[in-house]
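Hello,

Here is the structure you asked about. Please open it beside this message and follow the notes below.

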Amino acid sequence: MKKIMLLGLLFSGMIFSQNKTDLSYYLPDHKQYDSAIPTPESVIRHQVGEWHITHDKLAQYMIALAESSDRISIEDRGSTFEGRPLLLLTITSPANHERIDSIRDAHISATESSTANTSSRPVVVYQGFSIHGNEPSGANASMLVAYHLAASQSQDVLDLLDNAVILFDPSYNPDGLQRFAYWANTNRSIHLNSDPYDREYSEVWPGGRTNHYWFDMNRDWLPVQLPESRVRIKSFHKWLPNVLTDHHEMGTNATFFFQPGIPSRTHPLTPKLNQELTGEIGKFHARALNKIGSLYYTEESFDDFYYGKGSTFPDINGGIGILFEQASSRGHIQQSANGVLTFPFTIRNQLTAALSTLEAAKNMRERLLKYQHSFFKNARDEASKEGNKAIVFGNEKDKARTFHLAEILKRHKIKVHELKQDIRIDGQSFKKGFSYVIPKNQKNTRLINAIFEKRTKFQDSLFYDISAWTFPLAFNLDYSQKATMSNAGTEVTDLKLQEGGVSSNSNYAYLMEWHEYYSPKALNQILNQGLKAKVALKQFKMNGKMYDYGTIMIPVQNQVLNASALYNFLDSTAKGSHLTMDAVSTGLTEGIDLGSNNFRALKKAKIALLVGSGVRSYDAGEIWHLFDTRYGIKVTKLDVKTMNRADLSKYNTIIIPSANGLSEDHAKKFKSWVQDGGTLIAYRSTLNWLKKNEMAKLEFKKMELTAEDVTFEDRSKFRGAQVIGGAIFDADIDRSHPVNFGNTRNKISMFRNTTLFMKPDKNSYNNPIRYTSDPLLSGYISNRNLDSLKSTVPLQLKGLGRGTVVAFTDNTNFRAFWYGTNKLLMNAIFFREEL
């Protein structure tokens, strides 16, 4: 599709009193509306665009519409972390509603059969708005779209509803939308101020973009780690929509973008016809925006590469994903390079694009249905060629990590089988009960490929998001694509975590291996109970079983609980953490005895997490989420603005995510605290601050970037090619080092999206993790950066007085699905005195 740029009106008519904005501004060509259907204003008590809609009012209006219209049904699919409803409206004709189940059955059946009738089936469109809460024009426009579809008596709308089932998600991110609306509304003046420096346009940290735990939810469509994503993905797979739209905002000085994105940045697994149909749909957007005089562009930015985004996820699932990006007023009215940009104007553009999508879907109905049918037919043909082939994955010591990868697959309707018996492939051992088998010959074989592929060759060197996400590497699980279905046992239909428990009662001691994912949760509960626990610094063998580095020993004697109460407590703890503890009756072992000095006493973790201005909210939120939702560990969120008056002696561990702008005064306070025995764990850009303020002697490779034979036009591409947007790298580990306790392999897969190349310590034992000489496993990195990365280290541990500074160059908790490196942070906390 040719680049489209309309040179016309520069936001003409945007400067006007918002009190005069009414439905005629948004829907000027539509006059025939059913008076029995409530307008937005009649329910929310203000005109759309006059104030920012709060989620409670948005939900109230959607419920009111469903109650008054036989074209709409509404489903409450669950709750956000903050308890807000995750609503989905189904909008179609009353006649279609009466047979909605048969429509869905026929639609899904067409994706599973060799032939399909496309002449009379409705097209299915999923329309979703404002996954970033501070990009609110989409959610505000959703009220107008829903009203129009519920109330319009025009023949065009009646024909549309006869020929389409619209799955309508008015707010992808209720918590973020509520947070931003509160900010914009509480800073709104009666006399609107368009000055960009007004407080209204400068949100306080962390802003409304993210959900409760500060996640960018438009990266979670594939990992499905958040409650909002889980209900959405369940709805998606229930219907398999032909078109899915994702309404966003971008910088205030931009105009309006719709896909296709940059052609060279489309994932190779996406069919070419997908992009051609996206271009055809784009013509409908162009005509609609031409009509109202709005500037727009296409094909010049954004991409369709990472399948974890809303506009790309449908592309690997037989649909067409479409991204809309509207220049943001970030409040009610703001000056921009294109004139004064008002909130109602941004809403009108989103409304226009939403309606042009529906027009396109109606007119292209048969083509979209045929495309989906052929997508799955071709996928079946590809799958049948795989024959008996299968993928096996697992870890013979960690059922929980293995479970959580299987859980993601099941959420995506991917069939998973038990492993029939222990096997060994390519030097890797897979244990029955700790591993799963995925048949490659199944419906979602293309999605399986997207989840498991390793890719290091690319058409383009620029990426809007990450370039690799190979899931078994993210989970640091053993896996092989050389298994066959002869290795498969029964299909898993009811996936469950193991129950766990204590093997028996003991009057001597209990042992807990540190391999299981939830072992930190159990240890935290044990220490919080005031119980004594020790960690093994060496391996040993007992009762025919080998116990690895990091095994936790809980003696029975001299505890705050008697032997019976201790057993009951540990059994409950083990069950709640889905792991097994072993009862032992003697201190004698083959190796270090249980009374050895190589068992070191552990102390309760008292943790603070630095948050606030200058701290990267994504990274902070991922850590908070990890502690709060998985491990049940209490953490104090210590705000930068109050840090100078905080009593740091209350904590023995402080975590600083990637941060910029920390001062010398901050450094002095943290330095004194570390010298007094604290453990400071720092990530990413914070390492530069540590070095500058002499808190850790860190050495980084200096990068000199010289452009040769690069034109002025290509300068940004040249610089962008040196960015590591997100790739996966191979590292050797020293399993005897406490920071690596719990790992069963001598290798670990590290996620990296920085260009901090840290030199190793001169003493090898101080380099517990080190990138190999050939580290790239999956993703893009320039040759220059790859050469710089080789044999560097992602972690340094430096003593400072009586304390320790732990420095990670990259995020070990990335987007909540990098399960494989979460334990590194836990080890740095619980074994801090042994580092």
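A polar atom in the side chain of H107 lies 2.8 Å from the backbone oxygen of L240. Please keep in mind that this is a predicted model. The side chain of H107 also makes a polar contact with the side chain of R121, at 3.4 Å. H107 belongs to helix α5, which covers residues 100–110.

Is H107 buried or exposed? Its relative accessible area is 1%. Buried means under 20%, so H107 counts as buried. Setting aside neighbours within four places in sequence, H107 touches R121, P122, V124, W239, L240, N242, L369 and Q372.

Next, the sheet. Seven strands make up an open sheet with mixed pairing. Going across the sheet, the order is β1-β2-β4-β3-β5-β7-β6.

One pair can be followed in detail. Strand β2 (residues 85–91) and strand β4 (residues 164–169) run antiparallel and are joined by three bridges.

Helix α3 (residues 55–68) lies across β1, β2 and β4. The helix runs at about 145° to β1.

Regards

How values were computed:
Residues numbered from 1 in each chain as written. Predicted model: local features only at pLDDT ≥ 70, side-chain atom pairs only at ≥ 80, totals over all residues. Heavy atoms only, no water. Pairing = 2+ DSSP bridges. Helix = DSSP H or I, 4+ residues; strand = E, 2+ residues; numbered from the N terminus. Contact = heavy atoms within 4.5 Å. Axes fitted to C-alpha atoms, helices over the stretch in contact; angles between N-to-C directions. Buried < 20%, exposed > 50% of the residue type's maximum accessible area, 1.4 Å probe, protein only. Polar contact = N/O pair within 3.5 Å; in protein donor to acceptor, adjacent residues only side chain to side chain.
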